Amino acid sequence: MKPVDFDYERPVSVDALCRRLAEAREDAKIIAGGQTLVPLLAMRLARPALLLDINRIAALDGIAAGDGFVAIRACTRQAAALAHETVRSRAKLLAKALKHVGHGQTRNRGTIGGSIANADPAAEIGLAALALDAALGVRSVRGERTIAIRDFFRGAMETALAPDECLVEMRLPVWRDNAVGTGFHEMSVRHSDFALAAAAVQLALDAGGVCRRIAISIGGAAATPLRMAEAEKRLVGTRLEERDIADAGALVRDAIAPLPDPHASALYRRRVAASLAERAIAEARDEARAA
Amino acid sequence: MSQHDLVCTVNGKRRSARVAARTTLVDFLRDELRLTGTHVGCEHGVCGACSVLLDGAPVRACLLLAVQADGADIVTVEGLAPDAEGLSVLQDSFWELHALQCGYCTPGMLIAAQALLNANRAPTEHDIRDAIGGNLCRCTGYKQIVDAIALAAERLRGANLPQRGSDAG
Amino acid sequence: MPAEARAFRYIGKKRRPREDRRFLAGTGRFVADLAFDSMAHVALVASPYPNARIVRIDAGKALALPGVHAVVTGDELARATEPLMSGLDLPKVVRYPLAVERARYVGEWVVAVAADSRALAEDAAELVEVEYEALPHVIDPEAALLPDAPLVHPAHGSNLLYRRTFVWGPVEADFAACPHRVTYRARWHRSATVPVETFGVVARWDAASRLLDVWASIQMPKYADQLARALRLPGNAVRTHFDVDVGGSFGGKRGLKHSVLAGYLARRLGTPVRLVEDRLENLRGGDAHGPDRIFDVALAFDGDGVVKSMRMCALDDVGAHAGRAPFQLGKPVSAIVGPYRIASVEYEPISVVTNKTPEEAVRGFGQAPTNFAIETGMDLVARQLGIDRIELRRRNLIRRDQFPYQIPSGSTYDSGDYHAVLDKALAEADYPALVRRRDAARAKGGLAGIGIACCLEPSGGNSAFEPLLNPKNETTTWMESCQVKIDGSGAIVASMGTSSAGQGHETLLSTIVGETLERDPETVRVVRMDSLAALPSNSPVGSRMAIMLGAAASDAAQKLKRQMLAIAAHHFGVAAEALAYRGGDIEAAGEPARRLTWDQLVDIAHRKFHLLPPGMEPGLQALAVAEVPTGGALPTPDGRVQIYPCYAFEAHVVYAELDRITGQTRLLRYVCGHDCGVMINPDIVHGMTYGGIAHGIGAALYERFAYDANGQLVSGSFMDYLLPSSHEVPDITIVDHCTPSPLTRFGQKGSGEAGYLGAPAAVASAVNDALAPLGLHVATLPMTPASLGEVLARADEGEKK
């Protein structure tokens, strides 16, 4: 399983990267962590004429806490993000999701931006980002723009990035509420496998323990991760009792139209997605109550 | 087509070479440097037989292009022993508890285990299973490996040291 | 060999396996580690169709690529080589390393390219143009037997390779006499050994000596013979090097087609040729899939649950070529009733071809699926009568006082105490506590179950199933050899003539030679002879090496011991019986002053011919070739014969919890009671048992070579073919028991296949115990989360209605 032959360059800056992307367009692929791309190269499913290695561009690495947000540069290693104090304290949901991403060894190389740009329907980072309403900073020779994550995932492995655009940064809004809780549950066949389904939840309780705000996103059940608007609506204003959560689970189940799959029936996938959502909601509620 | 210069440190020795862009790090280590201790099991990042330490962190060498390792400090299984004749505490613990059979996954296991012990002096069984969770073994069922890593951790903390001349080898 | 265990000096003691040392340092010597000057690398062009006529092959563009040395097609090989051997008599089911005229499965190798590097060979392989005419295909084994099924080998006339009904004992009468019966289907889907190292081979032809040197990741009897035959070379023109480390095999590394291809290319090109499967080739085109079985079983039993008779039909889908796979239906005849006193059996093995990757040997050679089928039935009998599953087994297990016990199909079980092993396993597991734990989990609404499995591991490798299934094959010799010498300096060298894949044979051999000569095993050097220098060996299959290499090594060492005693007897002028052999020194009994030390004996043997007894050859070297115990008989007309000689036994106790929604199974406690007679090296035996259990867990819960309706293999990489990791395999406790075999030199039985033979049955039993309160039962492996989740989902939906 050896890749096709290709040219390889290491742009020294984001500008240089964008210039090369504009010149090479579909013939070039960015290599960041390589944990997804290199297997595709090995299987000759990816056949770029040119690889642009962005691992040495300093401007693409780093985590910063801003006013009401956490900014993660695209080429930040997943392991670094998981260990980073800012992520652990201000983007807990992402930290929880990261624990499920691949394996420790792949997290040592895999990047936050690489996962987002890859847009696997079951990917944990994108799922958490969707729940957090992330904003993605994107650049090309034509300038910068921000894409809301709700507009970013277009289909399985398909994003709103133009062929000459690169992901530069992800900004995660930080909720200012007092009692915030997070929950993340996924189901994979083996421990480190890609998720068949996953649920990411963040919620805030008011002083009386009533849910003021909640975000529920489900992954692996459709071509892209999805926010569960109906379930969210059902839970706002409630105390998140067992019956509330069960109703929300039923709404999640009904909101999903899983693609036909030889491995797992639609019935099964719906039940799993609903159950994971319920577990994640309960986890988030308990965490918020303790806060 | 595309050849590139590469300078890195491997097991403490500075190595320089010219490699094709598409050559993976594991193939470079094995074919060019003739360090055949690191093994190829799947070439798509699942089995972990190719694990090496890159700047101290365990990674899959089949998922790195050799050229990406320019400037890096790499440790392979051949670099784990303290000298040409001896074995590290971890390697010796593997031997003591027979934590291997065919030996094919072993280099990757040792690397993953060494990385764990470098970061965690008192790993729990869960920590150990987690650390080697990305290294597949078909021979051992993992139990003797887990036990050996726990034993190594104990010995590195100064406890449960081997008696002199008690075992073969 | 007395029935009670002897006290040993070295056998059974803890000893660090010597082969571990080189692997820990990263200095193992695997096939892919070998480099030769001007070596060419091979890549393959594989068929994308499950069944197709090959219309045209155009290699022009490939050959034009710089660095490409050769492109070979099936037609060329068919002219230059003999077809690969099949175990059954099937002259019209022909197989070459590359597809000839037809490609019969997705992934079948059609064209081989040899180039300067693997990457270049793959570049060239992409440039080979192959035109196919797609033909109808058949994927399902039952569909393959229908009258209008597409034929995989049209010349053969059907998709049936083998079918016979064996009737041992009064089955019909026994069924009529029993008040109860249970009928069920058990499905063992296709999985295999899948070692972490793929198969690889390097071949080098020396034209001057007319000798083909071969280094391969091989575990196969008669490999050199079959390779020579296929290449139309005399047997002594192929030298297989067994000092290559094999990265796991468990039966599957037979690689004959790879080797014929590499050997052919080596001769054609005049340069060394290397073929190492990449993982995609390995999973799809390496021809090492495993049993793919449908069991239809009926058990007849009385009101106490004692099973009197069994009818078993075993349909096995061997994929597109025959090979050795059909014999995996024959080996289980050696333990067709499991550890139970079932008195009569009707057994109908059926072997069919379909358009799938061919099947190769898997650990246990068909015994694991058969044990799963039997144990599924025992649990169903218990469920039907409302009897506790353990009690049910107690009533059926062969009793200790009944050994040696002959089963209806003709094999005699040598020794055992199954009740004792079961009791030990239950005690270790603290069975009452497991029951409380299970019941507590159930009370909270969870699904929890305890699995029980009692299974046999036949060992010794007497492949009498060959003449059983193929009367034209009258092979009754299954031998192993060893040469031991003590050189002029007094150092011991013992030789073996086969490769190893992690079983610790060097440690085994040195321990046995050391035990016999009463010398420290660490002083025994073990060498592996190549196939020209080696004495006959049948390689490590069928859990045979402890028994067979053990026998040959012990016999050879005994010859040396007797020779040394004869030297001393002659020296002291007494009878050998009046001497005492102590740790290599020999003294006149009761007269310690009259002794010859080891060094003195060596000195006489090597240098003092005048002191040797008349007629004795100088030097100290002896060889022994051992035939398998109880071997040498052909089957009776009704198909009764002793297959393997020795029977190890395992009793598994497993506690599992299931997630009601996701269908995931968590194994939370695993105990295995194990009796393989005397263990030569306990750590080695335990290691293989843990590994076998892990492999069995994979087969039970995760592993499947799945095909879609278009004949495409959908689990063609490690992303879909799921091997258990350290997270999926729980901590395992083994409890040992020892009923020595009366047939072996030290009471040892084989155990290389331990754990795997019982684990799938045990895990299935636990899952079904968890499902029992819901009235559900699953008898299909693997029990993946999706499959169990589906069963649970439908039950839930059904309840809601």
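**Terms set against values**

Mentor: Let us begin with Ser191(C), which sits in the loop between strand 9 (180-188) and strand 10 (200-206) of chain C; helices (H or I, at least four residues) and strands (E, at least two) are DSSP runs, numbered from the N terminus. This is a predicted model, in which local features need pLDDT of at least 70 and side-chain atom pairs count only at pLDDT 80 or more, while totals for chains, interfaces and linings use all residues. Residues are numbered from 1 along each chain as its sequence is written, chains are lettered from A and ligands numbered from 1 in the order in which they are written, and side-chain values use heavy atoms, with hydrogens and water left out.

Trainee: Why does Ser191(C) count as buried?

Mentor: Buried means under 20% relative accessible area, exposed over 50%, and partly exposed in between (1.4 Å probe, protein chains only). Ser191(C) has 2% relative accessibility, and therefore counts as buried. Not counting residues up to four places away in sequence, Ser191(C) touches residues including His289(C), Val362(C), Glu703(C) and Tyr756(C), where contact means heavy atoms within 4.5 Å.

Trainee: What makes Leu276(A) count as buried?

Mentor: Leu276(A), which lies in helix 12 (residues 266-290) of chain A, counts as buried because its relative accessibility is 2%. Leaving aside neighbours within four places in sequence, Leu276(A) is in contact with His185(A), Glu186(A), Met187(A), Ala197(A), Ala198(A) and Ala199(A).

Trainee: Why is chain C called as compact as a globular protein of its length?

Mentor: Chain C has 20 helices and 30 strands. Its radius of gyration is 28 Å, close to the 28 Å that the globule rule gives for 801 residues, so chain C is as compact as a globular protein of that length; the radius is taken over C-alpha atoms, and the rule is 2.2 Å times the number of residues to the power 0.38. Of the 801 residues of chain C, 67% count as buried.

Trainee: How do you know that Asp33(C) and Arg30(B) meet in a salt bridge?

Mentor: A salt bridge is a side-chain nitrogen of Lys or Arg within 4 Å of a carboxyl oxygen of Asp or Glu. For Asp33(C) and Arg30(B) the N to O distance is 2.9 Å, and the pair is a salt bridge. Between chain B and chain C the count is 6 salt bridges.

Trainee: What is the extent of the interface between chain B and chain C?

Mentor: In this interface 48 residues of chain B are in contact with 58 residues of chain C. The two chains bury about 4500 Å² between them, 56% of it on carbon and sulfur atoms, buried area being the accessible area (1.4 Å probe) that two parts lose on being put together, summed over both.

Trainee: How do you know that Glu126(C) forms a salt bridge with Arg44(A)?

Mentor: The closest N and O atoms of Glu126(C) and Arg44(A) are 2.9 Å apart, and they form a salt bridge. The count between chain C and chain A is 6 salt bridges. The contact takes 31 residues from chain C and 23 residues from chain A, and the area buried there is about 2400 Å², of which carbon and sulfur atoms give 58%.
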